Amino acid sequence: MTEPSAQPPTAQRIEEIARSATAELDSLENLEAVDQWRISYLGRRGTLTTVLRALSSLDVDERRTIGALANEAKNTLEDRLEQRVRHINEAALTRSASQNRLDVTLPGRPSKAGRLHPTTQIVREICSAFVAMGFGVVEGPEVEWEHYNFEMLNIPKGHPARDMWNTLWVDYEDPSGEQAMLLRTHTSPMQARVMESREPPIRVVVPGKCYRYEATDATHEWHFYQVEGLAVGEGITFADLKGTLYEFAHRLFGEERQIRFRCDYFPFVEPGVDMSIDCFACQGQGGGCRICRDSGWIEILGAGMVHPKVLEKVGYDKDRYTGFAFGMGPERIAMLKYGIDDIRHFYANDLRFLRQF
Ligand code: DAH
């Protein structure tokens with residue numbers, strides 16, 4: 001490296017500086033060294049800068065010729081500097097490319113695909129069985145008015161049937177003071193909402209979440225899903241209800257399934273029934289069967305003919321229209337289908353359980 005010089009600049013001196021600077025630069029292999037070089041020649045106190053500054057001590061003619069030489073040397077060094085930096089960067093790139101070569105024969109890392117929750121899967125399966133029979137799918141609010149959850153379904157205030165649904169009430173003052181708010185205890189309120197908003201013929205299924213103020217155990221959750229069904233039109237009979245649900249049972253549980261209806265009570269249907277399928281585990285043979293508890297039958301849903309009072313409440317002509325409704329718990333259907341022994345598994349978020357579906 002050349003020391004800054006206090007001597008008056010000469011053509012020879014400039015040439016010398018340029019030559020040694022170039023030689024030095026060509027031997028540098030990393031960017032830090034190149035930067036040091038720049039400071040020592042072209043920096044504020046660099047060798048060439050000092051020479052340029054000393055030009056003022058020369059007379060006018062000399063200043064013109066020597067000045068031109070000095071500027072040319074400066075431009076050359078700056079160009080060389082740029083080239084050197086580019087050269088070093090390219091060399092580094094080539095080196096790293098050859099060292100870290102991509103091995104295309106290495107097996108890839110498998111990416112983990114997520115999956116649908118078992119409840120979502122079974123809800124979709126149930127809905128598609130009905131969609132194939134011409135039903136549409138609608139959804140409704142989980143926070144519901146008492147009016148729809150009970151009143152419109154022929155369960156007036158004070159009616160003992162309200163005890164069938166342990167209700168979670170929402171702390172909200174209705175400005176009119178008439179209605180209380182709750183978390184819907186079933187999807188049945190959507191029957192009234194759908195009928196209020198359209199005219200027959202109606203064929204819908206309503207999947208959705210429901211809530212109950214209940215202690216949990218192997219067969220009870222405080223939140224769970226239901227799939228509701230409703231068909232209303234002219235001339236719909238109990239035979240339509242049976243045929244539709246028979247077809248449904250076959251689609252979900254196999255062609256060979258038998259079904260059984262027994263009387264049951266739900267305030268919004270008349271007559272009301274519960275439907276069972278014959279036990280697919282023991283084929284009705286019993287012998288200590290855990291699934292049907294030796295009864296040979298497994299209850300899977302509640303149903304019935306829409307109560308004339310419900311039709312009246314939504315403003316339908318009860319002498320013209322009839323209909324059927326049904327409701328089921330998809331978790332229960334999945335438990336039967338896949339042999340799951342505790343409903344709490346569904347929402348415990350244990351991946352060991354969820355990954356099995
Ligand atoms: N909503 C009833 C429940 O939660 C289930 C039900 C029974 C729905 C009979 C219906 C029906 O539509 O017709 O227990």
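The protein chain splits into two parts in its domain assignment: domain 1 runs over 11-99, and domain 2 over 118-354. Keep in mind that this is a predicted model.

Now let's turn to the ligand. Where does the ligand sit? You'll find it in the largest pocket. There are 16 residues around the ligand, and the ones that come nearest are His186, Ser188, Arg212, Gln226 and Glu228. As for what kinds of residues make up this shell, 7 are nonpolar, 7 are polar and 2 are charged. Three strands each supply at least two residues of the shell: strand 6 (223-234), strand 9 (297-306) and strand 10 (321-328).

With the surroundings in view, zoom in on some individual atoms. Start at histidine 186, where an N or O atom of the side chain is 3.0 Å from a nitrogen atom of the ligand. Then move on to glutamine 191, which has a polar side-chain atom 3.0 Å from an oxygen atom of the ligand. How much of the ligand's accessible area does the protein cover? On its own the ligand has 360 Å² of accessible area, and the protein covers 92% of that.

Methods:
Residues are numbered from 1 along each chain as its sequence is written. This is a predicted model: local features need pLDDT of at least 70, side-chain atom pairs count only at pLDDT 80 or more; totals for chains, interfaces and linings use all residues. Side-chain values use heavy atoms; hydrogens and water are left out. A residue is near a molecule or strand if one of its heavy atoms lies within 4 Å of it. A polar contact is a pair of N or O atoms within 3.5 Å; within protein, one must be able to donate a hydrogen and the other to accept it, and residues adjacent in sequence count only if both atoms are side-chain atoms. Accessible areas come from the Shrake-Rupley method with a 1.4 Å probe; for residues, only the protein chains shown count as cover. On a 1 Å grid over the protein atoms alone, a cavity is a set of points where a 1.4 Å probe fits but cannot get out, and a pocket is an open set with protein on both sides within 12 Å along at least five of seven lines; lining residues have an atom within 4 Å of a point. A molecule sits in a cavity or pocket if more than half of its atoms lie within 2 Å of its grid points. Helices (H or I, at least four residues) and strands (E, at least two) are DSSP runs, numbered from the N terminus. Ala, Val, Leu, Ile, Met, Phe, Trp, Tyr, Cys and Pro count as nonpolar, Asp, Glu, Lys and Arg as charged, and the others, Gly among them, as polar. Domain bounds come from an automatic or database domain assignment.
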